[in-house]
Amino acid sequence: MKTLLAVDLGLKTGFALYGADGKLIWYRSQHFGSTDRLRRGAHGIIRGIPELSAMVIEGGGNLALVWEKEAEQHGIAVRRVGAEVWREVFLLPREQRSGADAKKHAGELARRIIDWSAAPRPTSLRHDAAEAIVIGLWGVLHFGWLDAIPREIQR
């Protein structure tokens with residue numbers, strides 16, 4: 001089964017893995033602490049997902065290059081996306097007035113995605129993991145794994 005990994009970049013990185021059916025399989029957050037640890041971590045994470053065929057990354061700079069290089073070595077399709085792109089698809093303009101508002105509403109959407117996917121519910125959901133979940137949904141739509149935003153997730 002092919003999978004898609006969404007990555008919300010930073011030394012504190014959010015991850016979300018989606019299956020070919022467009023549903024969330026797992027999500028998590030990890031603090032790497034340094035670029036060197038992130039480089040080693042990216043290698044291990046990508047190698048640890050055997051059917052990984054696509055990746056969506058939010059963010060840029062040297063951290064994005066680490067993930068893109070690692071994905072390229074494994075033949076994984078990569079799409080880099082800015083927050084403004086996925087937020088426009090899922091959030092109303094009033095929900096994006098500030099970064100804090102956008103993170104809050106992305107967290108609410110992430111919880112609906114978790115429920116729709118029947119993924120384990122979090123005790124707490126860090127904003128980087130929540131944004132990775134939403135970025136991943138954008139990714140499965142972008143790569144054509146889902147035709148539209150599922151009704152159960154829409155408001």
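Asp 128 and Arg 126 form a salt bridge, with 3.2 Å between the closest N and O atoms; the term requires a side-chain nitrogen of Lys or Arg within 4 Å of a carboxyl oxygen of Asp or Glu. The model is predicted: local features need pLDDT of at least 70, side-chain atom pairs count only at pLDDT 80 or more, and totals for chains, interfaces and linings use all residues. Residues are numbered from 1 along each chain as its sequence is written, and side-chain values use heavy atoms, with hydrogens and water left out.

**Salt bridges**

- Asp 128 is buried at 1% relative accessibility, whereas Arg 126 is partly exposed at 37%; buried means under 20% relative accessible area, exposed over 50%, and partly exposed in between (1.4 Å probe, protein chains only).
- The whole structure contains seven salt bridges.
- One of them joins the side chains of Arg 80 and Glu 68 at 2.7 Å, N to O.
- This pair links distant parts of the chain, twelve residues apart, with Arg 80 in strand β5 and Glu 68 in helix α2 (residues 61–73); helices (H or I, at least four residues) and strands (E, at least two) are DSSP runs, numbered from the N terminus.
- Arg 80 is partly exposed, with a relative accessible area of 33%, and Glu 68 is also partly exposed, at 22%.
- Another salt bridge pairs Arg 121 with Asp 115, whose closest N and O atoms are 2.9 Å apart.
- Arg 121 is exposed at 64% relative accessible area, while Asp 115 is partly exposed at 43%.

**Sheet**

- Five strands form an open sheet in the order β3-β2-β1-β4-β5, with mixed pairing; two strands pair if DSSP finds at least two bridges between them.
- β3 (24–31) and β5 (77–81) stand at the edges with a single partner strand each, so one side of each has no neighbour in the sheet.
- β1 (residues 3–8) and β4 (residues 52–58) pair in the parallel sense over six bridges.
- Asp 8 has Glu 58 in β4 as its bridge partner.

**Helix α5**

- α5 (residues 127–142) has 16 residues and spans 22 Å from its first C-alpha to its last, close to the expected 22 Å; the expected span is 1.5 Å times one less than the number of residues.
- Because 13 of its 16 residues are buried, α5 is largely enclosed by the rest of the structure.
- Gly 144 follows α5 and has a positive phi, near 80 degrees.
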